Amino acid sequence: MALTAFLRRTLIALFAIMTFVLMVFYWNQDALKPSSYLSTFDRLVRTNFVSEKTWTYKCVNDRCVRQHYLTEHHRERRVPFLTCSMTCGAPNIWPEPTGKVTLGSKSLTFATAHVKANVETPFEKVESLFRDAFLVFMDDLRLIESIAKEEKHEGENQAAAEGGDGATSVPKHPDDTLCRPDRPCELDLVEVTVKISKYPDVALRVDTDESYNITVKSDGRKTSVRIHAKGFFGARNALTTLQQMIWYDDEDKLLRIIGRAYVEDAPKFGYRGLMLDTSRHYFSVEAIKRTLSGMALSKLNRFHWHMTDSQSFPFVSRHYPQLAIHGAYSNHEVYTTEDVRDIVEFARVRGIQVIPEIDAPAHAGNGWDWGPKHGMGELSLCINQQPWSFYCGEPPCGQLNPKNNNTYLVLQRLYAELLELTGPTDFFHLGGDEVNLDCWAQFFNDTDLRGLWCEFMLQAFQRLRQAHGGTAPKVTVVWSSGLTSTPCLSKNSFAVQVWGGSTWQENFDLIENGFNLIISHVDAWYLDCGFGSWRSTGEGACSPYRTWQNVYKHRPWNRMRLTPVQMKQILGGEVCLWTEQVDESTLDSRVWPRAAALAERLWTDPDDEHDFDAVHKDVFSRFSVFRNRLVQLGIKAEAIFPKYCAQNQDECV
């Protein structure tokens with residue numbers, strides 16, 4: 001009996017232990033799976049490369065029609081959506097090229113190991129910079145191609161786990177493993193020959209020629225790509241277009257390239273910008289680089305870095321580190337000179353100019369309060385003054401002291417540092433908006449306050465000139481405000497970034513007064529609008545939300561009925577993201593893909609005289625494909641409609 005009781009207790013204990021083990025196994029399934037499985041699954045979801053084996057696509061009347069593959073068409077070769085959309089109907093390139101475009105209907109598979117580049121140019125610096133740009137192009141292709149590698153390696157791991165030895169011969173090049181007898185590449189060589197013939201510039205200028213043409217021809221197992229451009233920036237734009245002629249085929253698990261193509265292209269506007277405010281929230285160098293990558297793929301070419309504001313001063317100045325010590329949110333939320341130089345070089349290789357802005361005289365509070373302790377007097381006034389609504393547009397307040405010469409000395413040295421870090425530039429932004437005259441009135445009662453603003457801006461301009469070696473940059477930009485109508489700024493030296501409403505009188509007045517304009521109308525190109533008020537008092541937000549269609553359809557120069565001569569005063573435009581309600585966690589979805597809608601407006605400037613939704617179905621289709629390209633490269637772009645609409649072309653528009 002004792003033995004029987006012992007066995008019973010033993011069995012009960014074993015049962016309890018097994019139950020516990022099974023529960024642990026159940027609740028920790030993911031932790032017990034191979035890490036490669038989890039990372040691959042995460043990668044598939046993140047990059048939108050989920051293989052859609054259920055569906056195949058057929059080109060019918062220049063439109064890709066979805067058909068059920070497993071039950072109806074399984075005897076035919078499955079055609080993925082991208083392979084259909086890239087070879088059916090209108091060219092699937094964003095922004096749409098402005099010249100002649102022909103794309104063939106045949107595509108060929110290849111691996112990145114088979115891509116070779118030749119550069120023909122008499123300019124050594126141009127060749128070096130283009131080779132760097134080509135490395136970026138190849139890195140993007142390898143990122144897309146890496147999904148196939150992960151799937152292959154997972155298959156090998158699974159075979160080994162099931163009893164196979166998993167041994168494979170080491171290939172000559174790792175990418176050669178993608179071309180196998182059961183999945184052969186159709187090309188042995190993709191040869192890209194680039195000719196840059198005319199301009200030695202490696203810095204973007206006001207009048208830079210960004211035109212290019214591409215010819216793609218295929219013969220046997222070789223595809224030849226010839227790019228011709230007058231300068232580096234046109235050749236780099238050509239790489240972006242070429243990248244959009246290449247895609248991942250989830251059936252063949254290989255890259256595909258259009259077998260025959262010709263593209264002539266040049267932008268309508270030279271200034272195609274995006275502004276990011278890094279004062280109200282801090283953004284890491286990696287997040288800024290991700291934004292620059294999206295800009296490069298969209299052919300946006302100016303990154304306006306609104307670096308500082310009254311909330312924080314994150315730039316660590318070599319001359320005045322006190323600005324960041326007193327003004328940064330923390331010692332981790334700063335940009336060192338090395339950070340700025342890194343971002344500038346990252347942008348330069350991608351054909352983007354970085355235009356930093358230290359906003360002044362308004363929007364200058366936290367970070368400027370150390371002057372008295374260092375014998376420099378009050379550099380800024382009204383810092384954190386209450387009630388804030390009397391002395392600034394939003395809390396906290398702060399406005400530079402126009403009567404303190406040390407204020408201008410600090411600005412001059414800041415300008416010199418930034419110019420040194422960004423390199424040669426035709427553009428510099430002085431800020432200049434939303435000056436609150438009531439703030440200054442507390443200290444300068446007998447002064448013409450509007451004239452004081454003029455005095456400040458002209459002093460700042462002179463300090464910029466000194467910081468730039470005695471000559472000012474070709475274009476000095478200021479924000480529009482109620483003071484820009486004051487007749488003190490020279491139209492030959494200053495351009496105005498117009499941020500007010502598109503129907504405001506200032507648009508017409510500035511054109512009539514001869515100023516060049518950069519358009520950033522709040523009612524179309526402010527990406528922070530439509531998310532509600534972030535404070536309980538005052539006008540804390542703009543609304544409604546600016547959809548990508550709002551961004552795309554906005555064509556102010558057409559509505560203003562400008563003459564051809566006046567059109568030359570429009571340098572271009574810029575979308576702006578102010579970050580009161582945006583931090584790094586929401587950056588990508590606030591910017592993308594809406595900024596890309598601006599990119600086509602400024603590059604192509606398509607006619608919008610007719611009803612947008614009825615005439616531009618192809619815009620929705622191309623935009624959807626482009627948005628997915630952004631996602632494939634790790635940019636978490638906002639969806640533009642349900643996935644059903646992406647799979648069923650034109651049904652939702």
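**Overall make-up**

Of the 653 residues in the protein, 54% are buried, where buried means under 20% relative accessible area with a 1.4 Å probe and protein chains only. This is a predicted model, in which local features need pLDDT of at least 70, side-chain atom pairs count only at pLDDT 80 or more, and totals for chains, interfaces and linings use all residues. Residues are numbered from 1 along each chain as its sequence is written, and side-chain values use heavy atoms, with hydrogens and water left out. The protein has 23 helices and 21 strands, taken as DSSP runs (H or I, at least four residues, for helices; E, at least two, for strands) and numbered from the N terminus.

The largest nonpolar core holds 165 residues, and Leu274, Phe303, Trp368, Leu430 and Trp592 have the most contacts inside it. Such a core is a set of buried Ala, Val, Leu, Ile, Met, Phe, Trp, Tyr and Cys residues joined through side-chain atoms within 4.5 Å. Helix 6 (residues 124-161) supplies the largest share of this core, eleven residues. Apart from neighbours within four places in sequence, the contacts of Trp368 include Phe313, Leu323, Ile383 and Leu414, contact meaning heavy atoms within 4.5 Å.

Helix 10 (residues 337-349) has end C-alpha atoms 19 Å apart, which agrees with the 18 Å that its 13 residues should span at 1.5 Å a residue, the expected span being 1.5 Å times one less than the number of residues. Among its buried residues are Val340, Ile343, Val344 and Ala347. Gly351, with a positive phi near 75°, follows helix 10.

Definitions and conventions: Buried means under 20% relative accessible area, exposed over 50%, partly exposed in between (1.4 Å probe, protein chains only).
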